[in-house]
Amino acid sequence: MSTSNPAPTLRTYAFVDRMQPQCAAHIAATSPGDVPLAGMAELYIEMAPGNEVFRAADIALKAAGVRPALQIIEREFGLLEIHSEQQAEVLASGQAVLDSLGMTEADRIRPTIASTQFITNVHPYQAQLLNKWRKGSMLMPGQSLFVMEVAPAAYIAVAANEAEKAASITVIELRAVGRFGRMFLSGTESEVQTARDAAVAALEGMHGREDRR
């Protein structure tokens with residue numbers, strides 16, 4: 001019986017230069033590992049098969065002064081998040097992973113926006129339903145709501161961080177694990193529109209290869 005492993009796939013390689021306060025707080029509230037702080041740099045690496053993330057984590061943590069917030073292995077993919085006060089440490093750690101794989105950043109899968117929803121004047125009942133399972137701030141009735149769905153999932157963290165940089169919005173929920181990543185943002189109609197545009201531009205500006213799965 002053959003014991004050879006299939007070649008790993010680099011699904012996500014997403015660098016965040018400066019974590020915004022709400023995005024950092026959301027990760028800290030849901031993370032099983034080291035909690036990040038606003039202003040830190042971070043890197044998301046998503047691999048397939050999922051077990052490949054163990055090797056990626058070992059290389060990343062030994063290569064530079066970074067700390068992990070997430071090491072998640074689910075049915076199809078594995079996700080690693082590392083962060084540091086120093087951007088150079090995060091970049092060096094990520095480069096060590098790429099070198100070990102014989103890859104470059106261009107070998108990652110390019111993010112694809114699967115769907116977006118923009119809802120104005122959210123109904124009180126819909127706000128209450130969303131608030132029952134959100135892990136971020138609460139959605140207030142009458143606000144505008146923007147929902148984005150992205151593949152691969154971890155790229156949603158970049159979209160949310162750029163949205164928070166661009167506008168005064170509230171982060172309701174972020175989900176960066178699985179086949180699709182989702183974010184829920186709220187605020188005034190104009191602020192949510194600005195955040196939406198920033199999130200879309202950030203993802204559309206990222207290069208990579210097509211996902212052939």
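Contact here means heavy atoms within 4.5 Å. This is a predicted model, so to speak of local features a pLDDT of at least 70 is needed, side-chain atom pairs count only at pLDDT 80 or more, and totals for chains, interfaces and linings use all residues. Residues are numbered from 1 along each chain as its sequence is written, and side-chain values use heavy atoms, with hydrogens and water left out.

Glu149 lies in strand 6, residues 144–151 (strands are DSSP runs of E, at least two residues, and helices runs of H or I, at least four, numbered from the N terminus). Its relative accessible area of 16% makes Glu149 buried, where buried means under 20%, exposed over 50% and partly exposed in between, with a 1.4 Å probe and protein chains only. The side chains of Glu149 and Arg182 are joined by a polar contact of 2.4 Å, that is, a pair of N or O atoms within 3.5 Å, one able to donate a hydrogen and the other to accept it; residues adjacent in sequence count only if both atoms are side-chain atoms.

Now for the whole protein, which has 6 helices and 8 strands, in the order β-α-β-α-β-β-α-β-α-β-α-β-β-α from the N terminus.

| Property of the protein | Value |
|---|---|
| Span of the C-alpha trace along the principal axes | about 60 × 35 × 30 Å |
| Buried share of the 213 residues | 46% |
| Share of contacts with a separation of 6 or more that join residues 24 or more positions apart | 73% |
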